[in-house]
Amino acid sequence: MKKNIEIIINNSELGAGTRGSSLGPDAILTVARTEKSSFFSENKPVRIKDENHLLDLPNQSHFAKRIDGICEIYSRVMNQIQMSFKSSETVCIISGDHSSAAATIGGIKSSHPDKKIGVIWIDAHADIHSPYTTPSGNIHGMPLAVALNIDNEINKINTPKHSTIRKWEWMKNMAGKNEPMISPKDLVYIGLRDIENEESKLIDSLGIKNINIEEIRELGISNVTSTVNSYFDNHDLIYLSFDVDSMDPEDASYGTGTPVESGLLVSEASELIDEFCKLEKLKCIEFVEINPCLDKQNKMAKVSFNIIENSVNQLKNKAILTE
Ligand SMILES: [Mn+2]
C-alpha cells in the first residue's frame with residue numbers, strides 16, 4: 001500500500017542570484033526542532049544530493065548561470081519525484097531556489113505521462129524568462145519557460161552561447177515525449193507583482209490566467225479556490241508551487257532572495273494553500289526561496305513551517321478520507 005505523503009528536501013541553490021536559499025530547508029527543520037515538533041519524525045524526508053560546491057568555481061554560462069549543475073539537479077529531482085509517486089499518493093518538496101520547479105513538473109509529467117497537469121504558481125515573479133530574455137542569467141527566473149518549452153525569441157535581448165542553448169534544449173525536453181510538459185492553459189498565476197516587460201508581453205500573448213492580489217481580496221479566498229478548481233476542470237492532477245516571496249515581506253519576513261512589497265498577508269497565503277490542499281486533484285506541493293541568511297530570528301522559516309505543517313496534514317487527511 002502507498003504512503004499518504006512523501007517529503008523531499010532539495011538543498012540546491014544554483015538557480016538563485018543571492019546566496020543562502022540552500023539553508024532554507026534546514027532552517028525549517030531547525031524551527032520544527034525548536035518547537036519540539038514530531039513533524040519530521042512522522043514524515044521523514046528524503047534528501048536530494050546538491051551540487052552547491054559549483055558556486056565556488058567561476059560561472060561559465062552568462063545567460064543561464066550554473067546550467068551544467070542545474071541539469072544534473074534536474075535529473076535527480078525528476079528521478080526522486082518519480083520514485084516518490086511510486087511509493088506515495090502525494091508529494092511535498094521543500095527546495096532551495098525556484099529553478100527546481102521545472103524538474104518537479106518534469107517528474108510529475110514523466111510519472112503520469114497520459115495525465116493533464118494543472119499548475120498553480122503563487123509567486124511575486126512570473127519565472128518565465130529564457131536565456132534569450134533574462135536580465136540576470138539566474139535560472140530561478142526560468143522554470144516556467146522550461147516547462148512550457150518557450151524561448152520567447154520575439155522579445156530577445158541576449159544571445160546565449162551554443163553550449164548554453166544545448167543544455168537549455170535538454171531541460172525543455174527532459175520529461176520526454178517530445179512535447180512541452182504543460183501548455184499555457186495549464187497554468188494559473190497568483191500574486192504576481194514584479195514582472196519584466198519581456199515576460200508580460202509573453203503572458204498576454206499566451207493568455208495565461210493571472211489572479212492578482214487585488215482580485216484575491218475582491219473575490220475572497222474560497223472564490224479564488226473554486227475559480228481555479230473549475231479552470232482545471234479537465235485536468236487530472238494539480239501541482240502547487242509556492243514561492244515565499246509571494247508574501248508581503250513586512251508581514252511575513254525579508255528572508256527571501258528577491259522580496260517585493262505589497263504581497264499576500266501570511267494569513268491569506270496560509271488560507272489559500274489550505275484550501276488548495278483540500279482539492280482532490282492536488283497531488284504535489286513545493287515550497288521555495290526561504291533564505292535564513294537574509295532574515296532575523298529565522299522568521300521566514302517559522303512562517304513557512306506553519307504553512308508546510310498545515311498543508312501536509314491537510315493532504316494526509318484527504319488521502320485517509322478517499323481511501
Ligand atoms: Mn519564483
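These legends walk through close-up views of a predicted model. Local features need pLDDT of at least 70 and side-chain atom pairs count only at pLDDT 80 or more, while totals for chains, interfaces and linings use all residues. Residues are numbered from 1 along each chain as its sequence is written, and side-chain values use heavy atoms, with hydrogens and water left out.

**View 1. Four residues hold the manganese ion.** Meet the donors: H98 (ND1), D123 (OD), D127 (OD) and D243 (OD) coordinate the manganese ion at 2.0 to 2.2 Å. Donors here are N, O and S atoms within 2.8 Å of the metal (3.2 Å for Na, K and Ca); water is not among the atoms, so sites may look incomplete. Along the sequence the donor spacing reads H-x24-D-x3-D-x115-D. D127 sits in the loop between strand 4 (117-122) and helix 5 (143-148), and D243 belongs to strand 7 (residues 237-243), 116 residues apart. Helices (H or I, at least four residues) and strands (E, at least two) are DSSP runs, numbered from the N terminus. Both D127 and D243 are buried, meaning under 20% relative accessible area with a 1.4 Å probe, protein chains only.

View 2. Look for I7, whose bridge partner in strand 3 is C92.

View 3. Angles under 35 degrees count as roughly parallel, over 145 as roughly antiparallel, 65 to 115 as roughly perpendicular and the rest as oblique. I221, V224, T225 and V228 in helix 9 meet E268, E271, L272, E275 and F276 in helix 10, where contact means heavy atoms within 4.5 Å.

**View 4. Helix 3 packs with helix 6.** Helix 3 (residues 67-87) and helix 6 (residues 162-172) have axes 10 Å apart, at an angle of about 15°. That angle makes the two helices roughly parallel. Among the contacting residues, spot Y74 of helix 3 and W168 of helix 6.

Technical notes: Buried means under 20% relative accessible area, exposed over 50%, partly exposed in between (1.4 Å probe, protein chains only). Two strands pair if DSSP finds at least two bridges between them. Axes are lines fitted to C-alpha atoms, for helices over the stretch in contact, and angles run from 0 to 180 degrees between N-to-C directions.
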